[in-house]
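Let's take a friendly look at the aromatic rings in this protein and at the residues around them. The sequence and structure come up next.

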Amino acid sequence: MNNEKTALFKMYFILCLVIMVFISQGITVQAKTVNTGEVVAYMNALRGELGLPAFTVSDSLNQAASVRAGELAVRFDHTRPDGSAWYTVGTGVNGENLARADKEEEKGTLNIIAGWYLSPSHRANLLSGSTQIGIAAYEDANGVAYIACEFN
């Protein structure tokens, strides 16, 4: 993909996010949980716009993501609570994106995707040559959601 098309897509994406923030001011939202299926759909739509193949969801990576999402409530870090590296959660784990949503509006799919896209290291995972992902969310008793996406 040429640099001009990539730059235009980035500007369009950021403009859409800004517009959504201004429009959503004052809108009351109901309590919700993170919709991981929707996150995958948006990730694949983004990849499709950039000419990249869609991710497929892997059961083993979903299990790894589920473990990591639960661990994040103990230690929100790429280092696991036992001190081991994130990639020790399962075999074939090559990348990891994490998110934490303290407020209801942060649990929205676009907020999660935008946060990852605006971070260079997380964007690199989104646009990488990985072909499989696993994603899971864990919500603690205080309503804080932790999202883990594992890449292969």
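Predicted model: local features only at pLDDT ≥ 70, side-chain atom pairs only at ≥ 80, totals over all residues.

Tyr146, in contrast, is buried at 4%.

The ring centres of Phe76 and Tyr146 are 6.3 Å apart and their planes meet at 45°, so this pair is tilted. Phe76 belongs to the loop between helix H3 (59–72) and strand S2 (95–101), while Tyr146 is part of strand S4, so the pair ties together parts 70 residues apart in sequence.

## The Phe55 and Phe151 pair

The model has 3 aromatic pairs, and another of them joins Phe55 to Phe151: with centres 5.6 Å apart and planes at 65°, the pair is edge-to-face. Here too, distant parts of the chain are linked, as Phe55 sits in the loop between helix H2 (36–49) and strand S1 (56–57) and Phe151 in strand S4 (residues 145–151), 96 residues apart.

## Charges over rings

Phe55 has a further neighbour: Arg47 lies over the face of its ring, 4.0 Å from the centre. Elsewhere, Arg123 places its charged end over the ring of Tyr117, at 5.4 Å from the ring centre.

## Confidence

The pLDDT averages 85 across the protein, and 79% of the residues score at least 70. Residues 17–31 have a pLDDT below 50, and this stretch makes 6 contacts in the model beyond near neighbours in sequence.

Technical notes
Residues numbered from 1 in each chain as written. Heavy atoms only, no water. pLDDT = per-residue confidence, 0-100. Contact = heavy atoms within 4.5 Å. Phe/Tyr/Trp six-rings, centres within 6.5 Å; stacked < 30°, edge-to-face > 60°. Helix = DSSP H or I, 4+ residues; strand = E, 2+ residues; numbered from the N terminus. Buried < 20%, exposed > 50% of the residue type's maximum accessible area, 1.4 Å probe, protein only. Lys NZ or Arg CZ within 6 Å of the ring centre and 35° of its normal.
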